[in-house]
Amino acid sequence: MGMCLPCLGGSVEDYDQPDPETRRQQQAEAAMKRQRDNESRGVKDVEGLKRKQQRREEIEKKAEMQGGGDNAMRWQVG
């Protein structure tokens, strides 16, 4: 992009470029924003979805703590 600036009548030095640290920070912020946008794509209530996922994980952890894998259904005939 900087290649065509001199041909427009200005020099490259006329345009301020952010220092590398500021540029890295801006790029990191943009990446985080893209990630949040991708996570919420197609979901109306993002926070509600996260709460449901947390509850589901807590329930699974409690089930593992109580006894683990012997929770198979047993049929009673009689």
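Which side chains meet in a salt bridge at 3.1 Å, N to O? The side chains of Arg24 and Glu21 do.

This is a predicted model, in which local features need pLDDT of at least 70 and side-chain atom pairs count only at pLDDT 80 or more, while totals for chains, interfaces and linings use all residues. Residues are numbered from 1 along each chain as its sequence is written, and side-chain values use heavy atoms, with hydrogens and water left out.

**View 1. Overall structure of the protein.** The protein has 2 helices and 0 strands; helices (H or I, at least four residues) and strands (E, at least two) are DSSP runs, numbered from the N terminus. Of its 78 residues, 4% are buried. Buried means under 20% relative accessible area, exposed over 50%, and partly exposed in between (1.4 Å probe, protein chains only). Areas come from the Shrake-Rupley method with a 1.4 Å probe, and for residues only the protein chains shown count as cover.

View 2. Arg24 and Glu21 are exposed. The structure holds 2 salt bridges, each defined as a side-chain nitrogen of Lys or Arg within 4 Å of a carboxyl oxygen of Asp or Glu.

**View 3. Salt bridge between Asp37 and Lys33.** The two side chains meet at 3.4 Å, N to O. Asp37 and Lys33 are 4 residues apart in helix α1, so about one helical turn separates them. Asp37 has a relative accessible area of 37% and is therefore partly exposed; Lys33, at 46%, also counts as partly exposed.

**View 4. Positive surface patch.** Arg51, Lys52, Arg55 and Arg56 form this patch. Patches are made of residues with over 30% relative accessible area and no salt bridge, with like charges joined within 9 Å and nonpolar side chains (Val, Leu, Ile, Met, Phe, Trp, Tyr) within 5 Å. Lys and Arg count as positive and Asp and Glu as negative; His and the chain ends are not counted. Arg51 lies in helix α2 (residues 46-66), and its relative accessibility of 44% makes it partly exposed.

**View 5. Negative surface patch.** Glu57, Glu58, Glu60 and Glu64 gather here. Glu57 is placed in helix α2 and is partly exposed because its relative accessible area is 45%.

Terms used. Charge placed at Lys NZ, Arg CZ, Asp CG, Glu CD.
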